[in-house]
Structures are given as C-alpha cells and as structure tokens.
Amino acid sequence: MNNNDLRYFYVLATTLHFGRAAQLLHITQPPLTRTIKRLEEELGVLLFKRSQRKVVLTKAGEYLKKKGEALLSGFAEIEKEIKKIDNGKIGQLHITSVGSVVPVILRYVNKFLFKYPDVNIKLSQYTTSEQIELIKSGKADIAFVRCPLSSEGLELQKVFDESYVLIMPKSFNRKIEVAEDLQQLSNMPYISFPREFGRGLFDRIISLCQMGGFSPDVKHESYQLDTAVRMVEAGMGITIVPRSAMNGILAEVNVYELDFMPQRSVVSFYYSEKQDNPVMFNFVRDIANKNK
C-alpha cells in the first residue's frame with residue numbers, strides 16, 4: 001500500500017460512490033476500481049461491500065478510513081515541510097562575525113527571522129582569517145568581516161561602510177574637527193589590537209592616523225574593540241574604532257566622529273556558491289535587496 005493507493009481508498013470511503021470518487025481524483029473509474037481491488041488483495045480483506053445500488057465500508061474498511069485520514073494528513077504535512085526546506089524557509093544558518101559587527105548584523109538577522117520564523121540561527125565570533133577557513137570548509141554559511149581580504153573561491157558582498165570615531169578620556173575636551181587636529185594626539189598612549197586580528201582594519205586606522213600627522217604610540221593591546229573602549233575609560237590611553245563598534249557600549253568617554261577623514265570601515269560578508277543551503281541563499285538575496 002502506497003500513499004496514492006491510500007488516497008484513492010480514502011476518497012472512495014468518503015463518497016461511497018465510484019463515479020464521484022473518480023471525478024474528485026481526476027481519473028476515470030476503471031483505474032480506481034483496479035486500485036481498490038489490488039489493495040484488497042494485498043491486505044487480504046474486503047474493504048467495501050458492493051452492490052448495484054450502493055457501496056458500503058466493511059469493518060476493516062472503516063478502520064482503514066480512520067487510520068488513513070491521520071496518515072494522509074501526516075503525508076501532507078511532510079510534503080509541506082519538504083517544500084519549505086527546499087525553498088529555504090526551514091533550516092539552519094551558521095553566521096560568523098568579528099565581534100564589533102555583531103550588534104549591527106543582528107538587525108539584519110532579526111528582519112530575516114521575521115520573514116522566515118522557522119529558521120534556526122547559530123551565531124559565533126572569529127577573526128577574519130578563521131572565518132574564511134570556516135566558509136571554505138563548509139562549517140559556516142555566512143562570515144561578516146571588516147575590511148575584507150582577498151579570498152579565492154568565495155563570494156563577497158558589501159553590506160555597508162562607515163566612518164571611524166576617536167575615543168578619548170573624559171578629561172580631553174579639545175576640538176577634533178579637521179585632519180590637522182589629530183596632531184594633538186601625538187604624545188598620548190594608544191590602545192590598539194594586534195594586526196593579525198584584522199590586518200585590513202588595522203592598516204586603515206594607521207593610515208588615518210598618519211594622514212592626521214601623528215604615528216600612534218602603541219602602549220597597550222586588546223583583542224576586543226569594546227575592551228579597548230573600556231581601557232580608554234579607565235584612563236589607559238586613546239583609541240580609534242569603527243562607528244558601529246560603539247553600539248551598545250555605555251562608557252564615560254568622549255567620542256569624536258572622524259567623518260572628515262577619507263578612510264572608511266567596510267563591512268562585508270563572505271559565502272560560498274558551492275554550499276547547498278537554501279536558507280543561506282535566501283539570506284544573501286535578502287541583504288542584497290535591502291541594499292539596493
């Protein structure tokens with residue numbers, strides 16, 4: 001007995017009329033008659049009592065009708081779920097990110113989940129180079145990075161760019177409005193992050209400093225941008241971070257927008273066309289449409 005046999009049986013059991021059942025099934029009567037006969041032979045029981053005037057269910061037929069309704073409902077639900085999986089409406093999406101981008105990308109993730117509520121999101125933090133390896137190995141689907149590196153075999157899509165901000169202790173209250181004003185920072189200890197943590201971001205910040213006429217005197221390092229901000233708050237020095245790195249951080253510091261400088265922090269994401277994950281492609285299309 002297969003799903004089609006069960007469906008033919010159930011329609012006939014509901015109508016108790018071969019002609020009407022065949023019409024509802026969009027077939028002629030002979031195929032329906034053959035299917036029912038084959039089903040009865042396979043089960044070794046009579047499912048219907050037939051006469052010239054009417055068709056009635058046997059006890060075995062009544063039982064199969066009761067069970068068949070639940071089975072057909074289950075088949076329909078499975079078919080529905082399979083189509084959702086194929087369309088990327090159900091599944092899992094593994095997103096990786098550098099830490100400073102997480103508050104921003106969560107806005108994209110929330111909008112995506114509003115549209116696809118049955119998708120499960122796994123979110124983890126890694127360095128840019130670690131993320132590239134995860135995408136190449138198929139262990140992650142989407143990798144959000146700042147100032148992306150060239151990586152053969154992967155697709156890269158820009159999300160947005162933003163200016164940098166100078167983070168200073170509360171005691172510093174001078175004007176920082178043009179590039180030349182950055183020369184005031186020359187004798188101040190600078191808090192940086194190791195270059196291997198993000199070479200592109202590191203190099204752009206150093207370029208910004210040099211364009212402003214000073215070379216950062218790196219005294220301290222932090223692997224997390226938010227920790228660097230806390231170190232400024234504690235009076236350990238100054239730092240420069242992308243604007244969105246301050247999202248969600250409540251710190252007693254002075255923040256100077258460096259939008260007059262040409263350097264921008266670019267946020268993009270990597271993905272692989274080789275991945276067989278419909279959810280991922282929906283996510284990629286979703287962001288592409290939002291950025292048009």
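Leaving aside neighbours within four places in sequence, Glu162 is in contact (heavy atoms within 4.5 Å) with Arg146, Pro242, Arg243, Ser244, Arg264 and Ser265. The model is a predicted one, in which local features need pLDDT of at least 70 and side-chain atom pairs count only at pLDDT 80 or more, while totals for chains, interfaces and linings use all residues. Residues are numbered from 1 along each chain as its sequence is written, and side-chain values use heavy atoms, with hydrogens and water left out.

Glu162 is found in strand E6; helices (H or I, at least four residues) and strands (E, at least two) are DSSP runs, numbered from the N terminus. Because its relative accessibility is 8%, Glu162 counts as buried (under 20% relative accessible area, with exposed over 50% and partly exposed in between; 1.4 Å probe, protein chains only). Its side chain makes a polar contact of 2.7 Å with that of Arg146, and another, also given as 2.7 Å, with the side chain of Ser244. A polar contact here is a pair of N or O atoms within 3.5 Å; within protein, one must be able to donate a hydrogen and the other to accept it, and residues adjacent in sequence count only if both atoms are side-chain atoms.

Strand E6 also leads us to the sheet. Five strands form an open sheet of mixed pairing, in the order E4-E3-E5-E12-E6, where two strands pair if DSSP finds at least two bridges between them. At the edges are E4 and E6 (155–162), each of which pairs on one side only. On average, neighbouring strands of this sheet are turned by 20° against each other, direction ignored. E6 pairs with strand E12 (residues 265–271) in the antiparallel sense over seven bridges, and Asp161 has Val266 in E12 as its bridge partner.

Strand E3 (residues 91–97) is largely enclosed by the rest of the structure, because five of its seven residues are buried. E3 runs parallel to strand E4 (residues 119–125), joined by seven bridges, with Gln125 of E4 as the bridge partner of Ser97. Between these two strands the chain passes through helix H5 (residues 102–115), and this β-α-β crossover is right-handed: with the strands pointing away from the viewer, the path from the first strand over the helix to the second runs clockwise. Three bridges join E3 to strand E5 (residues 142–146), again in parallel, and Thr96 stands opposite Ala143 in E5.

Gln131, in helix H6 (residues 128–137), counts as buried because its relative accessibility is 0%. A polar contact of 2.7 Å joins its side chain to that of Thr96. H6 itself lies across E3, E5 and E12, running at about 160° to E5; axes are lines fitted to C-alpha atoms, for helices over the stretch in contact, and angles run from 0 to 180 degrees between N-to-C directions.

Turning to the nonpolar residues, the largest nonpolar core has 37 residues, and those with the most contacts inside it are Leu166, Leu182, Ile240 and Leu258. Such a core is a set of buried Ala, Val, Leu, Ile, Met, Phe, Trp, Tyr and Cys residues joined through side-chain atoms within 4.5 Å. A second, separate core of 24 residues includes Ile142, Phe160, Phe269 and Phe281.
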